[in-house]
Amino acid sequence: MKRRKATEDEDPSILSAPAATDNVRAVDPFQQILVQGRCALLLRPQIVETLEDSQIEQARRAFGTMSSLVPAGDVLLQAWQCGQLESINESLTIARRFHVGSLYLDRHVVTNEQYWFFLEAGGYLQESLWNQAAWQRVNEFVDQDGKPGPMGWKSGSFDAGAAQHPVVGISWFEADAYAHWAGKRLPTDAEWVKAASWPVEADDGELVQRRFPWGDTPDAQKANLWGSHRRGTAPVTAFPDGSSIGGVHQLIGNVWEWTSTSLQVANASGRVRLEGLFKILRGGAFDTYFDNQATCQFQSADAPFARRHNIGFRCATGMCDVAGAAEADRLEDAGSLCAGTVGEEITA
Amino acid sequence: MTEWGSHSIDTFGLVEHARQERCAMCDGENRHAAEFCWHCRAPVALAFPTDRKRAAPRLVAVVGPPGVGKTVYLGMLTDILSRQRGSLQILARGAYSVSLQQQSMSALARREFPPSTPSEPDGWNWVHCEVSKSSRKRPQQFVMPDIGGEAYLQEVEHAHSVPSIRAYLSKCTAAMMLVDTAALEDGAQEQDFLAMKTVSYFVELDGRRKKGWPARPMAIVFTKSDQSEACFENVEEFARSHTPGLWRICQERLGRHRFFAASVVGASAPLNILGETVSIPLRIEPRGVEAPFAWLVERLG
């Protein structure tokens, strides 16, 4: 298979620590997992016991480069917003307060190159990685030449020059399977918003959250949106000024990001009902037209089988899945993270 | 109409009252100061050229059945072209020309679709704009009304039943016909039949080989193409497979036509409200919106 080699301007933090693309077939399984960017797998409590101290240190360094700590705390989620529902005099726009436990969130969305490792390792052939509903339809997840892979790829490979661009054209199920393979999971909706808007509790108990990861004002120089005039994805390391306080890049712009949470329309009387299953998307993409649809609070969604040209994903790791990390945090917080739930709602 | 004593007697007022303006749409005569045509309710200002050579504006028909997305498409087209710094730009003439853009954008930003366009011409939004191309010194004037889908359909089904629409379409030099991709993906043939009727209607309106519709450019735009990635990947093949009747009639009757895929909404969700299903736009991501208009402008020279 022909593939492009990594170039000099590629940020090693978005790959595995050694960033040696051609070493993917390294003989040493430990090095191979590192190269594939699956250091979270190595740091699992069950695995870490089998590693030498030097290997643990190496894996921790790689994991620290790839991931950012999102501290535990509360977050306000302004969910579904739809003016057409005003006619029934029931507002569905409810700001709900959730508690989110500590977690690690990937600093970058998953790149084409990282996803290729998953494909090359036979990710589309391992039933254990896949949601059962999706496994029966895994043959539908093919590229332009009918080979397994993202929608826009050809013959199982991405375009030359796009190694460091976000992988797009993947369904929610493919994103979920990749996350399992990498020893991680998709972030919940609340976790994503917590990482992006970085809430701070004021003296009166009210939460103060950022509209964008960099502040409260839209800025075309800080995110790849329609106003940036790129009309396509950018490398995941572009727009460094748009990072969150925790150092997570491109939470806004470039590509929409799948979360693990299903879209729900809150309505006590049951007079409004969403038809079909939709998974929540966050962040906006390079072709998001309105600035108000690319904020930390704006919630979009799509069908889990949808494969779009502008939807990608990033992974999260629960504290309980990282050896030694859970002890530094409250175990009860970590427990909810392991389950991958939305989070505990504080007030309605 | 006779009016008694409603105007002050001064020279300016008399001249204004006496001067007649011919409606650009129906050729009916109106007072210069009138805002809308007495006969067809089109804006009288459409007849006022901006350049000294008094070049008549180019009239473009944007047609399609109700719900195909004409208002959303036109609103987004004018918004993109009036904001961008690219090779093709437009500048609205008159406040009424901004209304369509304003209404559509306000609704879409709130994740709503704008209300459907009424059948009566006085309820239509008129886009009257100057189009500037980087390759051309002098801007051209274009007029593109957002014609009500119900009224348009009535005229196509029963020719001469809506004279104002027929009068306008007979003057158009180019057309954009919109076809609903979402309906085609659902397997319904209705869109194919309606599109075939449109082509037949236009050719019957003026079938001259060198000057009529067989020689005028017609862009066929598959709207709501976010519902079908295949439509974006190969729109010609999509047209051939999903609208075989339209494909054939275009080959035989139209000399200058082209198919385009376009979408304004990135995805939508069906919401059941009190038993009625309403489509809610989940996000706004224009794709392929400018291309049909750019193609038409290029063909019109």
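Helices (H or I, at least four residues) and strands (E, at least two) are DSSP runs, numbered from the N terminus.

Before going on, some conventions. Residues are numbered from 1 along each chain as its sequence is written, and chains are lettered from A and ligands numbered from 1 in the order in which they are written. The model is predicted, local features need pLDDT of at least 70, side-chain atom pairs count only at pLDDT 80 or more, and totals for chains, interfaces and linings use all residues, while side-chain values use heavy atoms, with hydrogens and water left out.

**Chain B: helix α11 and the cores**

Stay on helix α11 (residues 290-300) of chain B and select Pro292(B), Phe293(B), Trp295(B), Leu296(B), Val297(B) and Leu300(B), which are buried. Buried means under 20% relative accessible area, exposed over 50%, and partly exposed in between (1.4 Å probe, protein chains only).

Next, select Tyr168(B), Leu169(B), Phe202(B), Phe222(B), Leu246(B) and Phe259(B). These have the most contacts inside the largest nonpolar core, which has 45 residues. A nonpolar core is a set of buried Ala, Val, Leu, Ile, Met, Phe, Trp, Tyr and Cys residues joined through side-chain atoms within 4.5 Å. Helix α7 (residues 190-205) of chain B gives the most to this core, with six residues. A second, separate core has 39 residues, among them Phe142(B), Trp295(B), Val297(B) and Leu300(B).

Center on Phe202(B). Leaving aside neighbours within four places in sequence, Phe202(B) is in contact with Ala61(B), Val63(B), Tyr152(B), Leu169(B), Ala175(B), Trp213(B) and Met218(B). Contact means heavy atoms within 4.5 Å.

Move to helix α10 (residues 244-253) of chain B, where the buried residues are Gly245(B), Leu246(B), Trp247(B), Ile249(B) and Cys250(B). Their cover includes β7 (174-180), α7, β8 (218-223), α9 (235-242) and β9 (257-261) of chain B.

**The largest pocket**

Select Ala182(B), Lys224(B), Asp226(B), Gln227(B) and Ser268(B): of the 50 residues lining the largest pocket, these lie nearest its centre. On a 1 Å grid over the protein atoms alone, a pocket is an open set of points where a 1.4 Å probe fits, with protein on both sides within 12 Å along at least five of seven lines; lining residues have an atom within 4 Å of a point. About 1,200 Å³ of space lies in this pocket. Grid points are joined across faces, edges and corners, and a volume is the space filled by probe spheres set on the points. Color β10(B), which gives the most to the lining, with seven residues. Elements that each supply at least two lining residues include α2 (70-83), α4 (149-157) and β11 (276-287) of chain B.

Switch to chain A, which has nine helices and 13 strands. Buried residues make up 58% of its 348 residues.

Select helix α5 (residues 112-120) of chain A: eight of its nine residues are buried. Those buried residues pack against α1 (29-35), α4 (53-66) and α7 (172-181) of chain A. Just after α5(A), Gly122(A) has a positive phi of about 80°.

Select His165(A), in the loop between α6 (132-135) and α7 of chain A. Is His165(A) buried or exposed? His165(A) counts as buried because its relative accessibility is 15%. Residues up to four places away aside, His165(A) touches Val110(A), Thr111(A), Asn112(A), Thr233(A), Ala234(A), Pro235(A) and Val236(A).

Most residues other than glycine have a negative phi. Select two exceptions. Ser155(A) has a positive phi near 50° and is in the loop between α6 and α7 of chain A. Phe239(A) has a positive phi of about 55° and lies in the loop between β6 (207-208) and β7 (256-262) of chain A.

**Confidence**

Finally, color chain A by pLDDT, the predictor's confidence in each residue, from 0 to 100. Chain A averages 85, and 80% of the residues score at least 70. Over residues 12-20 of chain A the pLDDT is below 50, as it is over residues 330-342 of chain A. Where pLDDT is low, the predicted coordinates should not be read in detail.
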